[in-house]
Amino acid sequence: MFLTISTTGSPERPATDLGFLLHKHPGKTQAFSTSHGNAHVFYPEATAERCTAALLLEVDPVALVRRGQGKGRGGAPDAALAQYVNDRPYAASSLLAVALSGVFRSALKGQCAARPELPEERRALRVEIPVLPARGGAALVHRLFDPLGWDLVDVEPVPLDERFPEWGDSRYVRLVLEGELRLADALRQLYVLLPVLDDAKHYWIAPDEVDKLLRAGDGWLAAHPENGLISSRYLARHKRLTQDALERLELVRLAEADGSEVEEIDNAVDEARDTEERPVPLAVQRREAILAALRAAGAARVLDLGCGQGQLVQALLKEVAFTEIVGMDVSVRALNLAAKRLRLERLGERQSSRVRLLQGSLAYTDKRLAGYDAAVLSEVIEHLDEERLPALEYAVFGAARPRTVLVTTPNVEYNVRWETLPAGHVRHGDHRFEWTREEFRAWAGGVADRHGYGVEFVPVGDDDPEVGPPTQMAVFTKNDTDTATDTTETPKEGEAA
Ligand code: SAH
């Protein structure tokens, strides 16, 4: 596996600065042992005018097999021989990306202690990878690299066998990139896109893989039109991780964008999601289920409690039947993002009179929440400590008392169905608890009894015969005989009942 990086220069700005940038002396040949074999860095040419650094990785296929990495995707072992006879040693691939990050770690981060100004400078760069596995062919290579600011993206299919042109092309290409870029940006693109093109990620996908992707994607991935495909392939098509990555990239874009772009971004994210033919994301199914329940209840004035970044508020705004929509959240940051998403300051008068965002906590009784038709708590209760739930219960069912209350929460039984969730783990770092169907029913039933509501349960997402659906929703409806006075004792603000 072989990759070269070249730059040109002048006596004032010598090309050999590349040695500083890569932290590798142009006069030396250096070897590094990596987990997959030995990596060598050397400079075929090093003058003030032109300097080329080469990274050569000698993969040890036997070591790969011993490490359990000669396996195909999904963990199924390849046929016995294919474990030893495969393209790993010859083709630039995800292993080269791993070596790249190991050998050029500081360069990737854009650090250069000796010459701190250098990494910030753009330079005329030329990257060449003579044999690059590219599932998706030259067309995909262009879709991936063209948007990244290179002047030249040259992709040439490598014939299967030069002696027999009629056999056609192999799945390899020769790639040449030329342009004025910062070296760190170029390296980080390669670090992500080589394994994406290889599409046979050899190592175990851990949840922190999303962090790695976002770090390496800093500055280019959030705005990349193919970020859906890139994330999905980089994360070996693990749906949950891909969804996480896309949601976080969307946040990055929201934070970077001014309001006018937010809608475009949402559309781009939806499209990117579609390109990998993944099923409808659970978050979307949840939103649809909530909207359907609100329509069925005939609600017009709706509270979205714990509204987060305002996706549901946005969906509610699109339906005229919802005449007044209030999003409330404890997080100011979430509310700021919601305001951006909704383009609040640009909405016309009629639209903006329908929507309001409030900062507040569900752990406290709040007069502003009284008098609505419906309240939604979508994936919120599990973010509060269990001891705070009685306070939330009182604030919503005791004080605000809308006719309809929808509560969704993860069904912990379903967690065994998520491929990447280690046993016994909750789905989100901030979840204080996750309940079985039985536990949710017990809680919801108690709430309904204590406050004069009836309750029904609706599965959201694939309703597995054994473990149930990924999301469980309770639909509470206030009893008609309701006297509007509550049977429970009124706790002091913020106190558990
Ligand atoms: N409803 C959104 C967001 C769920 S994430 C959705 O379905 O996508 C949970 C949200 O609850 C976060 O935005 C968090 O800030 C908010 N939250 C957590 N504790 C809260 C509290 N005590 N009061 C109000 N909001 C709270």
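This is a predicted model: local features need pLDDT of at least 70, side-chain atom pairs count only at pLDDT 80 or more; totals for chains, interfaces and linings use all residues.
Okay, let's start with two strands: β8 (residues 301–305) and β9 (residues 324–329) run parallel and share 5 bridges. Two strands count as paired if DSSP finds at least two bridges between them.

Residues are numbered from 1 along each chain as its sequence is written, and side-chain values use heavy atoms, leaving out hydrogens and water.

So where do β8 and β9 sit? They belong to an open sheet of 7 strands with mixed pairing, in the order β10-β9-β8-β11-β12-β14-β13. At the edges you find β10 (355–359) and β13 (453–460), each pairing on one side only. Neighbouring strands in this sheet are turned by 15° against each other on average, ignoring direction. Helix α12 (residues 282–297) packs on the sheet and touches β8, β11 (374–378), β12 (404–410), β13 and β14 (471–478). Contact means heavy atoms within 4.5 Å. The direction of α12 makes about 165° with that of β12; axes are lines fitted to C-alpha atoms, for helices over the stretch in contact, and angles run from 0 to 180 degrees between N-to-C directions. Then there's helix α14 (residues 332–342), lying across β9 and β10 and running at about 165° to β10.

Now, the ligand. Which residues come nearest to it? Of the 14 around it, those are G306, D329, S361, L362 and S378. "Around" means having a heavy atom within 4 Å. As for polar contacts, meaning pairs of N or O atoms within 3.5 Å, D329 has a polar side-chain atom 2.6 Å from a ligand oxygen atom. S361 puts a polar side-chain atom 3.2 Å from a ligand nitrogen atom, and L362 has a backbone N or O atom 2.9 Å from a nitrogen atom of the ligand. On its own the ligand has 570 Å² of accessible area, and the protein covers 77% of that, going by the Shrake-Rupley method with a 1.4 Å probe.

What about the other sheet? This open sheet of 7 strands goes β2-β3-β4-β1-β5-β7-β6, with antiparallel pairing. β2 (30–34) and β6 (152–159) are at the edges with a single partner strand each, so one side of each has no neighbour in the sheet. The twist averages 15° from one strand to the next.

Let's walk through some pairs. β3 (residues 37–46) and β4 (residues 50–59) are antiparallel, joined by 8 bridges, and F42 has A54 in β4 as its bridge partner. Helix α4 (residues 94–103) packs on this sheet, touching β1 (2–8), β2, β3 and β4, and its direction makes about 120° with that of β4. Further along, β5 (residues 122–133) and β7 (residues 169–182) pair antiparallel over 10 bridges, with P133 opposite Y172 in β7. β6 and β7 are antiparallel too, over 7 bridges, and there P157 stands opposite V173 in β7.

Last stop, a pair of helices. How do α7 (residues 183–198) and α8 (residues 209–216) meet? Their axes come within 9 Å and cross at roughly 140°. On the α7 side the contact uses R188, Y191 and V192, and on the α8 side K212, L213, R215 and A216.

Note on methods:
A polar contact is a pair of N or O atoms within 3.5 Å; within protein, one must be able to donate a hydrogen and the other to accept it, and residues adjacent in sequence count only if both atoms are side-chain atoms. Helices (H or I, at least four residues) and strands (E, at least two) are DSSP runs, numbered from the N terminus.
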